Amino acid sequence: MTKPKVASVWLEACAGCHMSFLDMDERLVDLFSRVEITATPISDIKVIPEVTVGVIEGGLGNEEELHIAKDLREKCKILIAWGDCAVFGGINCMRNFIKPEDMLREAYTDTASTVNPTGVLPHVDIPALLPEAIPVDRAVKVDVYVPGCPPDADTIAYVFNEILEGRIPKVPSPMMRYD
Amino acid sequence: MSETKIKMFIDGKECVGVKGDTILEVAKKNDITSIPTLCWMKGLTSIGACRMCVVEPEGGGRMLTACTSPAEEGLRISTATERLVAYRRQVLELLFAGRNHFCMFCSQSGDCELQTLAIEHGMDSVRYPYLYAPFENDTTDARIQADHNRCILCQRCVRTCSEKVGACTLGMKKRGWSMTIEADFGSTIGQSDTCVGCGACAQACPTGTITLRDLVYRGRRKDCDAVVDTVCPICSMGCSIKAYVRTGSIVRVEGTNLEGPDGGQLCAEGRFSLPHSSERPRVVRPMIRTGSTFREASWEEALELVGSKLKATRKSGKTGALISSLATDEELAAFAGFRDAAGIRTSAYSDDSLRGFREGVEPFVKQGVRPFTAAHNILKADRVILVEADPQKILPIAASYVRVAVLHRGAELVHVGKNATPFPGITDLEAQTLQDSKVEEKLRCAQKPVFILGPSVLSSALAVTKVLNFAIEHRAFFEDGIGVVPLLGESNVLGAMNALGDQGGWLEEEQDFLYVYSTGLVPESAKALNAMSRSGFTAIQTPFLTPPLSNLADVLLPAPAWFEREGHFFTLEGERRTLSKIMDPDPGQKGFTEILQTICEKAGVKMTDSSAAPFENVFSSKISADLAKQVQVREV
């Protein structure tokens, strides 16, 4: 039987969750013998094929991220949300207290440390911002939630092992963290 | 009052409680731990605001909040059905969605009851859209800050501030999801007129809404190396505290007496200065003065010098020894033994108020009656009479009792004295003297008056006797003594009175030899410092390097700090309490008794083992207080 395929994407987040995944250390050797890694930030392959398991790290803050999340949902059977940003929205949601245009102005022109005499703002060449940054499950159905900032390597390993055993896991309370 | 027993079943287990208990109280008495709580807190009125403690009758039916629903005979309750757990999780998700919780950078993460409950209930995501409403932070106070993003509206802080501290600073403003806590109807914590800065609201807060700046990121409770139950050593209330130790520092202290009269309060001094004390510079070696500086010496050399000085001056009649009133009973007993062996005159630091109080109460002690009552009896009084007293300055917890007695128990407050009342807004009468006819009028119908005596009264034996006569005339009697609360500020002042008796007055004379034992927690009085500077030879034993005290010594000896000692204190709460050792002292540190014995040995006298004066002298009375009689006073 062919190995199940896994793809992961790095959306609005810091890559800490993928770093935690790499913290599985030697357990990765065993995992790679049982699954086929396809598109991930680790392999740097960006085209998402049909996969069994899709993983999203990070929330959704712009149109591209929304598109990628929907694309991955379409192409995978089981979708995992990794980390507080994907599960709860996380630190990205701090921008939701003000309007997107005010946020951009603050970041690109108004802060004291910014040198931008002509007041250039990102626009046509950058994906448009969503009105609010949102967790993944606001846009697509999520099957497995793994909160934590970042989640522990043990928790990530647990989730993969459960899926390989044919179960859809829920992170048990003793293992769960939000910080 | 007889208690009617009731029997009910919780999750099939037979539980016994009494009529008037809530379901939650019965569950707790029977060790059932499956009812979660969030807005409930021991010692506070229950309000059922958070809906976490919902239970349901067996077989379904309407959900009840366990903290407010009375237990009834034969009631059968389930606490952990699928429906209940789902409901609780829903509540938690709504709490997370309604405010802005960022656990990943919250200073309270890991020490937050909301987070703990959410994890226990398996909340791995939130189904509801987040509101992202902006909430302000209140950072106007130097020690206490409030981040309304984390608030779950449990009102524990509001109830603590009202029911325990009596300041009634905190309240709620706005409606619905916009509700926030506020101070003084629209002010902030730092700008509040009524806030006493005790930090009880932060201790009560289950999340990180109200926090103490000192504690932020200093470690979660569960990360601490040790947690020790002890008492606050600073004032004579002797509040029960829990001290958290981490990497050699006390990082946090909390009041623990949640169900007692003080409700687990600490004053600002106890809550904020005790943790810092473990980081103060220490005296680590014996030091001997050489000109204007010190050199390190061995214990042997230092004690030899002190002993030889004592030997040379012992017969002059100009030798003295001073001890802090924060010393334990055991240390005071050793000190009394030192006095007897060396023929030295002794005094506690707080001698002035001690002497007046001691002489003033003597005629009543001889009657076999206890001439004062426990401070918490202020809560049972129907008239509180301040006699030249400002409790907030001396015993802040007693001030809380006054406020709670007036605001929640209907007591009337009378202030007698030349200054303005320390409790504006809640004082019913201000008078210049106790003999004022208006005071007489207030006391005529009083069932349980209590008199709180300030330092200027306590320093005068005549004034103390007069007030006690006045109290007896107006039948100020409590179960444990006459209804008088002396504001004796230093922690074991009653123990010092018990152990050392009255030897005051010599401090103003020139001394040839002076031995000082300081605990370093309260500043020395100008009188004591003058005595040290004028003495021909001064030996000072103190834990901390604190000018000007440590600069006045000819020999400076290390002492264990309060967190390295253990022993007993007499407290104004009417009981003897135990100071526990929190951290081990330096291995080179010598015990107090050992030091005194060595000094006596070097001085050529023998110090016998001395036992503490019996504590019954302080707390027991031979006859009931209401048999006390007024005594004649001789006006001078």
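**Cysteines, aromatic pairs and charges over rings**

The structure holds 0 disulfides over all chains. The model is predicted. Over all chains, a search of the whole structure finds 16 aromatic pairs.

**Cysteines**
- Cys161(B) has its closest cysteine sulfur in Cys168(B), 6.5 Å away, which is too far for a bond, since a disulfide needs the two sulfur atoms within 2.5 Å.
- Cys267(B) is in no disulfide either, and the nearest cysteine sulfur, that of Cys235(B), is 5.8 Å away.
- Cys161(B) counts as buried at 11% relative accessibility, and Cys267(B) counts as buried at 15%.

**Aromatic pair in chain A**
- Among the aromatic pairs is that of Phe21(A) and Trp82(A), which is tilted, with 5.5 Å from centre to centre and 40° between the planes.
- Phe21(A) belongs to helix α1 (residues 16–22) and Trp82(A) to strand β5 (residues 76–82), so the pair ties together parts 61 residues apart in sequence.
- Phe21(A) is buried, with a relative accessible area of 6%, and Trp82(A) is buried, with 2%.

- Tyr517(B) and Phe592(B) form a tilted pair, 4.2 Å centre to centre with 35° between the planes.
- Tyr517(B) is in strand β25 (residues 513–517) and Phe592(B) in helix α17 (residues 592–602), so this pair ties together parts 75 residues apart in sequence.
- Both Tyr517(B) and Phe592(B) are buried.

**Charges over rings**
- Arg280(B) has its charged end over the ring of Phe544(B), 4.0 Å from the ring's centre.
- Lys448(B) lies over the face of Phe478(B), 5.3 Å from the ring centre.

How values were computed: Residues are numbered from 1 along each chain as its sequence is written. Chains are lettered from A and ligands numbered from 1 in the order in which they are written. This is a predicted model: local features need pLDDT of at least 70, side-chain atom pairs count only at pLDDT 80 or more; totals for chains, interfaces and linings use all residues. Side-chain values use heavy atoms; hydrogens and water are left out. Buried means under 20% relative accessible area, exposed over 50%, partly exposed in between (1.4 Å probe, protein chains only). Rings of Phe, Tyr and Trp (its six-membered ring) pair if their centres lie within 6.5 Å; planes under 30 degrees apart count as stacked, over 60 as edge-to-face and the rest as tilted. Helices (H or I, at least four residues) and strands (E, at least two) are DSSP runs, numbered from the N terminus. A charge sits over a ring if NZ of Lys or CZ of Arg is within 6 Å of the ring centre and within 35 degrees of the ring normal.
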